[in-house]
Structure formats: structure tokens, C-alpha cells
Amino acid sequence: MSLTTRILAVNIFAVVLLAGGLFFLDSYRSQLVQIRTEALQREANAIARALPLLPSAQRDAFLVDSALALGGRIRLYGPDGSKTADSFALAPPNYDVEQIDSIPFRRAFAREVDRATDALVGTAAPPDYADPQPDIASSWPELKEGDGLHSIARQGPDGAYVLSAGAAFRGGKLLLTSRAADIRGIIREERLTIAIFSVLVLLISVWLSLFLARTIVKPLRLLARNAVKVRLGFAREVSIPRLPSRRDEIGMLARAVSDMSNALRERIDATEAFAADVAHEVKNPLASLRSALESLQMVEDEELRAKLFDIASSDVRRLDRLISDISEASRVDSQLSRAKFERVDIAAMIEQLLASRRERANGGDTVYLRFVPPVGDIACVMGEDVRLERVFENLIDNAISFSPDGGEVEILVSKTASEVLVRVMDEGPGVPPDQREAVFERFHSRRPASESFGKHSGLGLAIARTIIDGHQGSIRAVDRIDDREGACFEIRLPRAGVTE
């Protein structure tokens, strides 16, 4: 089921509940009929009590005046059950029970609507009214003795209610009937009001539903179509609307999808650029290796053959290093997204890294590494220790490669209110301000003049930035804090257990 259909269904359901007022009308009608029949019963009892007190000569006039005042018909029955007096026989009738063949079409249609509505709400139809033949007391249930029934509501052929009430007096029985046509009129007016209001609310609900569906479904469909185009590989040609005028969840979704599409496009561009850079970087050592191998077949001088063999071996090592770094650079993003971060002490990690490095060097390093561990447990972060160790190893290797013989690489660890701050400083030529972002690009080729070609792949700093970004930190090249010449790489990582 579409979202538009669901919105319409929910709003129309509310209108259906409103139309349920028809059920309330049935209860209202029952109460109204009961009130009228009870009032008619009281009036019948009052007339029955007054009759024995009147002289016989005044009785007919009293019956006519009472029937006229009540808008009803009064019949008297003797002890044998025969009718002894009738207000309609003493004076012109003040109401008429219309027969079905004499009812106009409009009123007949209204009667059928009444019946259909009663059937819809489950209302039991009242008994039909008809004057009994012969007209004797025993023909009227409300005049029977001993059953406690004194009033009845019936329905005439035209749909109007006919109410009757019986009462006993000394010397006979009295039957008071009244045509309560206004009850049906009241119910019809209320039903018409509910119907008109329900139709009006239905139209408004449908209009609001369509408006709501247009404001919700239309942008969602647009986003869905563009997302499908992106999935099919048309990311460059697709422009996801950001809907800046909308400050609701739809606007947030549009901007999130737009940002996601832009990030995907940037990732595709970066992947293509990386593939091109890889091809270029691999091509150079392959060309050198091919040239050396081809020359080995033609050169007979042993010394020259040894040089060519050394070149080929160097190219193989360079290719091996390059492929290893490329493999790590391509996997580090996905691996970090699945990594389970644990508490890592940066200061202890750097101290252990430097100790291991000194053991491997055996006194052969010409650059002094200086690190004074901070006091206390201030340098703990949440991260993956192997990846963070690779970052500091790359930075230290980079600093050593640019440092002069006898130079010093200094590592400082401190803290701020919410971050661990690590600085790696060397005494080399430093990084020019216009190159401080470029050094983090893949295959960046700015190396010291004394370094042999191909010793580094140019991916170390790029890998370091990717790892630091994956730990919600930052890395950048800045000026040394002591204003001395040299490079300074500054790393900021969120401290473990500190929330902003």
C-alpha cells in the first residue's frame, strides 16, 4: 500500500468515526420518544381523574377542549369495552394519519431513508399504527388489564410517530393518542446536519490528505528516483535536491541523501585517482626492472651485470613495498569501520615503539629520538592500538628521513580539556605553508635529496591521516612550537572517558 493511500485511509477513518454520530441519534430518539410517551401518560391519567368530577353535560366539551389543547384524540370506552365517546366525532380531527398511497414522493423518499438508516444502525422498527376494527377497548394493548402496559409508540404509514396512552376511570377507560410528527423531523434535521458536516469534513480530509501526500510523497519519490540513478551508476549526472526551504525531517533526509551522494561521488573520484596514481607509480619500477632484465641478457661485463642485478633487486623491493602500502591504504577505511575500539595509552605505546626501535638499530641510528613520558594517566584514547602504532611509526620514520645527521626528533604528549595532543618535531627543512595539505596526499613525492629513489612509497602520511580520521581525530603540519627550523606534525585525538 502506497503512502498516499495510507494517509487517505487514516484521515477517512477519522471521518467514519465522526459519522458514527448516527448511532448517537438512535439513543437520542429513543429518549425523546420515551419522554413524550411518559408525558402523554401523565396527561391521560390527569384527564381520567377529572372525568368523574364533571357533570355529564360538560363531559363532551371537556373532551374536545382537552384534545384540542393536547393536539391529540381522546376516546372513552364503557365497562363492556364499547366506545362511548370520541373527540374526533365531537369536533373536526386535529391530526390525520396519512396512508401510504397518499404520501408525496419527497416524504416517501424520506421515509425510506429513515428505514435505511435504522437498518444501518440496527434500530428495531416500532410497530405500525392502524385504527383497529372494530374499535373496542380490547383491541388496544395499552387498555388491557393486569399487564402493566399503559403507553405505546407506533409508526404511521408516513413514518411519523403515533403515541398512545391508556388510563382507567370510574365507569370506563380512556385512550389518548397523539401524532408526534416533530420527532422524525428533529431526527432528520440532526441526521442531515451530521451528514452535511461529515461530507464537509470528508472533503477537507481528502484535500488535506492529498496536500500532505504531495508534500511528503512527492519529495520522497524524487529522492528515491535519484537514489536509483546513483545506484545504476549515474552518480555524476544526478543532482540530489537539498530542499533548503524545508526544515522538517524530509528536508533533513534530502540534505543527508545529497551529502551521501556527494560523498559517494568524491569516493568514486578518489578511487579513480588512486587507481591512476597506482598505475603510474607501479609503471616506473616495472619499466626500470624490465630495462635491467633486458640489459642483463646483452651485457657480458660482470661488474656491469652486478650493477644491473642490484637495480633489478632494488626495483623488486620497491614494488614489494609499494604494493604492501597500496594494499594497506585501500583496506584501512573498511577495516576501521569494523574495528572494536579499546582503551589505548598513547604515551605507553610511543615509549614501547621507541624502545623496540632502539633495539633494532643497535646503535646505528644517526638521529636522536627524545621522548619524555607525561606524568599520570593523561594520554588514554579509545582506538585500535595496531593502527595508531602505525601512525606514530610513519611519523617517526618521516621525521628521521628529513633530519640531518646528529639531529633530534622530539615527541611531546600532552592533554587539553577533551583531547590528547601529540607533536612529532624534527630539525629538517620543515614543510612550506603551501605544502602542508599536499603532504597528506597519496604518492606525494617530496623527499629529502639525500634519500635514494623509491625508498618510500609516498603513502605513509596519507595512511596516517586516514587512520586518525577514523578515530575522530585530526592531524596536520604546523610550525614548531619553539620557533626553531623543522617540521612539526600535530595529532589530536579525543580523550577516553571525556564527553563534550
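1. A residue is called buried when its relative accessible area is under 20%, exposed when over 50%, and partly exposed in between, using a 1.4 Å probe and protein chains only. By that rule, 13 of the 18 residues of α10 are buried, so this helix is largely enclosed by the rest of the structure.

2. Some notes on the source. This is a predicted model, in which local features need pLDDT of at least 70 and side-chain atom pairs count only at pLDDT 80 or more, while totals for chains, interfaces and linings use all residues. Residues are numbered from 1 along each chain as its sequence is written, and side-chain values use heavy atoms, with hydrogens and water left out.

3. The protein has 11 helices and 12 strands; helices (H or I, at least four residues) and strands (E, at least two) are DSSP runs, numbered from the N terminus. Of the 500 residues in the protein, 40% are buried. Among contacts (heavy atoms within 4.5 Å) between residues at least 6 apart in sequence, 67% join residues at least 24 apart.

4. The length of a helix can be checked against an expected span, which is 1.5 Å times one less than its number of residues. Helix α10 (residues 385-402) has 18 residues and should span 26 Å; its end C-alpha atoms are 26 Å apart, which agrees.

5. In α3, the buried residues are L63, S66 and A67. Just after this helix, G71 takes a positive phi of about 65 degrees.

6. A search of the whole structure finds 3 aromatic pairs. Rings of Phe, Tyr and Trp (its six-membered ring) pair if their centres lie within 6.5 Å; planes under 30 degrees apart count as stacked, over 60 as edge-to-face and the rest as tilted. One of the pairs is F88 with Y95, edge-to-face at 5.2 Å centre to centre and 65 degrees between the planes. Both F88 and Y95 are buried.

7. The rings of Y129 and W140 have centres 6.4 Å apart and planes at 35 degrees, so this pair is tilted. Y129 and W140 lie in the loop between α5 (105-121) and β3 (151-155), so the pair ties together parts that are 11 residues apart in sequence. Y129 counts as buried at 7% relative accessibility, and W140 is buried with a relative accessible area of 2%.

8. The charged end of R465 sits over the ring of F440, 4.1 Å from its centre. The rule here is that NZ of Lys or CZ of Arg is within 6 Å of the ring centre and within 35 degrees of the ring normal.
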